[in-house]
Amino acid sequence: MSHDSYELKAEARERVGKGSARELRRNGFIPAVIYGDKQAPISIALSTNEVTKRIHAGGFLTTIATIDVDGKKIKVLPKDYQLDPVRDFTVHVDFLRVSGNTQVTVEIPVHFVNHEKSPGLKAGGVLNIVRHEVEVHCPADAIPEFFTVDLSGHKGGASIHISDITLPKGVSPVITDRDFTIATIVAPAAGLAEEESGEEEASA
């Protein structure tokens with residue numbers, strides 16, 4: 001799991017619409033919807049402060065939460081949230097109901113380690129990150145926190161593909177028709193030439 005699960009208190013909303021939503025926001029609440037799992041959607045109101053705190057903590061869209069709606073606890077995964085384009089505060093959140101067999105599609109961040117052990121980077125090359133996140137299908141209760149790419153041994157001109165990442169059981173990339181690139185190591189021309197001449201000397 002990405003982060004520790006948490007609980008939010010919510011109230012069911014009787015009234016929906018722009019007027020009702022504006023009134024909620026004035027009173028320190030955010031309108032939200034819980035949907036999915038073949039059940040009717042529920043309109044709710046959440047504390048603006050609590051939701052904002054969770055969003056800023058990171059991993060909001062990859063962490064399972066429990067929402068207490070007037071005493072009834074519902075397990076959910078945040079699927080989307082909208083920000084006010086001018087003042088940058090949260091105006092609405094969508095939650096997906098999840099159960100033990102729920103499969104979800106999420107974007108998992110990619111972390112790169114051992115930069116200092118990459119000959120290409122040591123020679124002055126640059127790590128060009130093509131994908132900072134990878135979209136995957138996985139069980140809702142087993143969302144990876146991040147994927148790790150080990151740069152050890154990678155030379156200038158090297159490409160790192162999705163096949164170079166060991167994915168946990170039950171996790172598969174959304175893109176399956178090609179071995180897509182995660183990052184490349186771009187070597188300066190001089191650095192690449194030095195690296196090649198070094199190899200030639202070693203082989204000689």
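Strands E5 and E6 run antiparallel and pair over seven bridges, where pairing takes at least two DSSP bridges between two strands. The helices and strands named here are DSSP runs, numbered from the N terminus, with at least four residues (H or I) for a helix and at least two (E) for a strand. Within this pair, Tyr81 sits opposite Val93 of E6. Six residues separate the two strands of the hairpin, and Asp88 there has a positive phi near 60°.

All of this comes from a predicted model, in which local features need a pLDDT of at least 70 and side-chain atom pairs count only at pLDDT 80 or more, while totals for chains, interfaces and linings use all residues. Residues are numbered from 1 along each chain as its sequence is written, and side-chain values use heavy atoms, with hydrogens and water left out. The pLDDT, the predictor's confidence in each residue on a scale from 0 to 100, averages 87 for the protein, and 88% of the residues reach at least 70. One stretch to treat with care is residues 191-195, where pLDDT stays under 50 and the model has eight contacts beyond four places in sequence; a contact here means heavy atoms within 4.5 Å. Where pLDDT is low, predicted coordinates should not be read in detail.

Overall, the protein has four helices and 13 strands. Of its 204 residues, 38% are buried, the cut-offs being under 20% relative accessible area for buried, over 50% for exposed, and partly exposed in between (1.4 Å probe, protein chains only). Among contacts with a separation of 6 or more, 66% link residues 24 or more positions apart.

E5 and E6 belong to a barrel. Six strands close it in the order E1-E3-E2-E6-E5-E4, with mixed pairing. Neighbouring strands of this sheet are turned against each other by 45° on average, direction ignored, with axes taken as lines fitted to C-alpha atoms (for helices, over the stretch in contact) and angles running from 0 to 180 degrees between N-to-C directions. E2 and E6 pair in the parallel sense over four bridges, and Ile34 has Phe95 as its bridge partner in E6. E1 and E3, in contrast, are antiparallel over three bridges, with Ala12 opposite Ile44 of E3.

E6 has seven of its eight residues buried, so the strand is largely enclosed by the rest of the structure. Thr90 lies in this strand and counts as buried at 5% relative accessibility. Leaving out residues up to four places away in sequence, Thr90 touches Ile30, Thr52, Ile55, Tyr81, Gln82 and Leu83.

Which way does helix H2 face? The buried residues of H2 (residues 48-56) are Thr48, Val51 and Ile55. They span an arc of only 75° around the axis, which puts them on the same side of H2; the arc is that of the directions from the helix axis to the C-beta atoms. An α-helix has 3.6 residues a turn, so residues three or four places apart point the same way. On the other side of H2, Asn49 and His56 are exposed. The buried residues of H2 pack against strands E1 (6-12), E2 (29-36), E3 (39-47), E5 (72-83) and E6 (90-97). H2 lies across these strands and runs at about 95° to E3. After H2 comes Gly58, with a positive phi near 90°.

The largest nonpolar core has 27 residues, of which Val104, Val106, Phe112, Val134, Val136, Val149 and Ile182 touch the most other members. Such a core is a set of buried Ala, Val, Leu, Ile, Met, Phe, Trp, Tyr and Cys residues joined through side-chain atoms within 4.5 Å. Two or more residues each come from strands E7 (103-113), E9 (133-139), E10 (147-150) and E13 (181-186), and E7 gives the most, with five. Another core lies apart from this one, with 18 residues, among them Leu8, Ile44, Phe60 and Phe95. As for Val136, neighbours within four places aside, its contacts are Val104, Thr105, Val106, Ile108, Phe147, Val171, Ser172, Pro173 and Val174.
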